[in-house]
Amino acid sequence: LNTRFRDHTTRLFNKHGMKNIAYWTAFDKPEIDNTLIYLVRHANREQADANWKAFASDPEWKKVAQESQVDGKFLANPPDRLYLKPLPFSELR
């Protein structure tokens, strides 16, 4: 999964208006083996919905996703999506 993000997904996020901010994995087990947390930025909530829709329907993404899972699916569950609003004292504003 990390390889797919590094080699393909981050570039496709950019293509669809998502700014890559940060990516994390856990230090400890069991999460170190099965958790990827990332933060992407959109212009606003409505644009985020449009960006995700465009990304999901991108033919290149569909091909990458299919090819990277020939030996089985990466995800046991769909990713969680949480929309965040920065506070005035956040450096990410």
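Modeller: Let's start with His16, which touches Asn51, Ala54, Phe55 and Asp58, leaving aside residues up to four places away in sequence (contact means heavy atoms within 4.5 Å). His16 is found in the loop between helix 1 and strand 1 (19-24); helices (H or I, at least four residues) and strands (E, at least two) are DSSP runs, numbered from the N terminus. With 15% relative accessibility, His16 counts as buried, because buried means under 20% relative accessible area, exposed over 50%, and partly exposed in between (1.4 Å probe, protein chains only).

A word on the source: this is a predicted model, where local features need pLDDT of at least 70, side-chain atom pairs count only at pLDDT 80 or more, and totals for chains, interfaces and linings use all residues. Residues are numbered from 1 along each chain as its sequence is written, and side-chain values use heavy atoms, with hydrogens and water left out.

Phe55, one of the residues that His16 touches, also belongs to the largest nonpolar core. Such a core is a set of buried Ala, Val, Leu, Ile, Met, Phe, Trp, Tyr and Cys residues joined through side-chain atoms within 4.5 Å. This one has 11 residues, among them Phe5, Leu12, Met18, Trp52 and Trp61. Helix 1, helix 3 and helix 4 each give two or more residues to this core. In soluble globular proteins, nonpolar side chains tend to be buried together. Phe5, for its part, touches Thr10, Phe13, Tyr23, Leu36 and Tyr38, again not counting residues up to four places away in sequence.

Next comes Ala56, found in helix 3. Is Ala56 buried or partly exposed? At 44% relative accessibility, Ala56 counts as partly exposed. Ala56 touches Trp61 and Lys62, with residues up to four places away in sequence not counted. From Ala56 to Glu67 there are 11 residues in sequence and 15 Å in space, C-alpha to C-alpha.

The structure holds five of them. Glu67 pairs with Lys63, and their closest N and O atoms are 3.6 Å apart. Both lie in helix 4, four residues apart, about one turn of the helix. Glu67 is partly exposed, at 47%.

Another salt bridge joins Glu60 and Arg11 (2.6 Å, N to O). This pair links distant parts of the chain, with Glu60 in helix 4 (residues 59-68) and Arg11 in helix 1, 49 residues apart. Glu60, at 30% relative accessibility, counts as partly exposed, and so does Arg11, at 40%. Arg6 and Asp7 form a salt bridge too (2.8 Å, N to O); Arg6 counts as exposed at 58%, whereas Asp7 counts as partly exposed at 37%.

Finally, which residues lie nearest the centre of the largest pocket? They are Tyr38, Trp52, Pro79, Asp80 and Arg81, out of 44 lining residues. On a 1 Å grid over the protein atoms alone, a pocket is an open set of points where a 1.4 Å probe fits, with protein on both sides within 12 Å along at least five of seven lines; lining residues have an atom within 4 Å of a point. Trp52 is also listed in the nonpolar core.

Note on methods:
A salt bridge is a side-chain nitrogen of Lys or Arg within 4 Å of a carboxyl oxygen of Asp or Glu.
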